[in-house]
Amino acid sequence: MEKIQVTSSGPLRGKVRVSGAKNAALPIIAASLLGTEDIYLEEVPDLKDVKIMCQVLESLGADVQPLGPGELKINASKINNYKTKYELMSKMRASFLVMGPLLGRLGRTENSLPGGCNIGSRPIDLHLKGFRALGVEVEEDIGNVLAYTDHLQGGRIYLDFPSVGATENIMMAAVLAEGETIIDNAAMEPEIVDLASFLGKLGARVTGAGTSTIRIRGVKELGGTKHSIIPDRIEAGTLMVAGAITGGDVLVENIIPSHMKPIIAKLQEAGCLVEEFDDAVRVKGGQDLKAINIKTLPYPGFPTDMQAQFIALMTQCKGTSTAIETVFENRFMHVDELKKMKADISVDERVAMISGGKKLKGAKVNATDLRAGAALILAGLVADGVTEVGEIYHIDRGYENIEEKFRSLGANIQRVQVDQ
Ligand SMILES: CC(=O)N[C@H]1[C@@H](OP(=O)(O)OP(=O)(O)OC[C@H]2O[C@@H](n3ccc(=O)[nH]c3=O)[C@H](O)[C@@H]2O)O[C@H](CO)[C@@H](O)[C@@H]1O
Ligand SMILES: C=C(OP(=O)(O)O)C(=O)O
């Protein structure tokens, strides 16, 4: 079994390049099902989730060819299957994003319910509400969803919560629907904007992405294009926290700084020095980190995908910090693991209180989900002794070459084979 071993590393220093965003690459690869000509993608991160999404596309009849590093060529002109395989769907939440494109292309899609990080119940009611508003019949059975229509018709959808996945799925169905679709209370994440820009290059007519109202005017057919995936703001944030927690000096390159506002603000509140460049951010960690408070929210609020890494940081901030999780109802599983490392944290429903500034101790811990895994690595960098992180397949879902990137900054980290 593979584990990641981290040993107390001292201040991290140097520069490191961020990969393309997992959460932009996944919907864009799914959206490639909409095109009828060659699609060339660049800056595609080499991740387990991306590989699974490519396998999902192939199982539907698309041709997916890796070109150079980070490059994919996709041709979906001959897709012939509307059913996705349970083995693939169960491995990844985002596999559900093929529903919208399949409805657009084939008018039919059948999927088992998606897997992914166990951070809450993660229903798909808003995706289905959106499809129904576009004239789609939806039949739900235990663990299975069948959706079909013989006429995809634009409609108006109000999302009760600005769900990222629902916004993406509805956009992808609506681009080939007849007439206009309006999504109100849409998610505003940068990954939605990247998807809209990709769809636009395929020939779709999408406006308003990045605001809470997205308008889509359906077209008859979409073509091909070349597109480069935006940088991963969560990987960037994780590397910035690595600089902060170790009192280091790290230049994180290939960043869109405007995507990083809540992270930059909270690192500054904690006492770090943050310098912004056109496409990079430098973080100098303070000697005495101060307690801070975070509350996760949809974009442009503080990202839930950075909450675990910030709790690791808060264990080193003097005083009591709080983290309020409002997006997912069960996203504090890393707390029990951090407590094994002697972190002083209590959780009351959606609020975690972190009494920080105390030395952590290395321990055997498990990555209970993707960002939990990142948080444990960050904690391991400043803990006495060795931290051994298990269940690292979660980490590999979302971080490309994580040990190499940390090692390039001077971290003492390696992947090891252990008996159990
Ligand atoms: C592949 C990808 O992009 N994953 C991201 C995406 O996940 P994902 O798209 O799954 O997240 P959503 O924005 O949909 O979920 C946010 C909240 O809405 C709820 N909800 C969602 C859909 C629905 O039909 N009904 C419903 O109630 C969820 O249970 C959750 O409480 O956005 C999350 C929130 O920023 C991030 O943590 C994930 O990293
Ligand atoms: C929760 C995440 O991913 P997913 O939605 O794919 O489970 C994440 O990236 O932190």
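Me: Hi! Is Asn23 buried or exposed in this model?
Reply: Hi! Asn23 counts as buried, because it has 26 C-beta neighbours inside 10 Å. Bear in mind that this is a predicted model.

Me: Thanks. Which helix is Asn23 in?
Reply: Asn23 is found in helix α1.

Me: And what does UniProt say about Asn23?
Reply: An unreviewed UniProt entry places the feature "binding site" at Lys22 and Asn23.

Me: OK, so where does Lys22 sit?
Reply: Lys22 is in helix α1, which covers residues 22-31.

Me: Buried or exposed, that Lys22?
Reply: Lys22 is buried, since 26 C-beta neighbours lie inside 10 Å and the cut-off for buried is 20 or more.

Me: Which residues is Lys22 in contact with, leaving aside neighbours within four places in sequence?
Reply: With those set aside, Lys22 contacts Pro45, Leu47, Asp49, Asp232 and Gly398.

Me: Great. Changing topic: which strand has Ala323?
Reply: Ala323 belongs to strand β18, made up of residues 319-324.

Me: Why does Ala323 count as buried?
Reply: Ala323 counts as buried because there are 25 C-beta neighbours inside 10 Å.

Me: What does Ala323 touch, not counting residues up to four places away in sequence?
Reply: On that basis, Ala323 touches Ile294, Gln307, Phe310, Ile311, Met314, Ala352 and Ile354.

Me: One last thing: how many Å apart in space are Ala323 and Lys295?
Reply: From C-alpha to C-alpha, Ala323 and Lys295 are 5.8 Å apart in space, and in sequence they are 28 residues apart.

How values were computed
Residues numbered from 1 in each chain as written. Chains lettered and ligands numbered in written order. Predicted model: local features only at pLDDT ≥ 70, side-chain atom pairs only at ≥ 80, totals over all residues. UniProt positions renumbered as here; feature names shortened; annotations may be inferred. Helix = DSSP H or I, 4+ residues; strand = E, 2+ residues; numbered from the N terminus. Buried ≥ 20, exposed ≤ 12 C-beta atoms within 10 Å, placed from the backbone. Contact = placed C-beta atoms within 7 Å.
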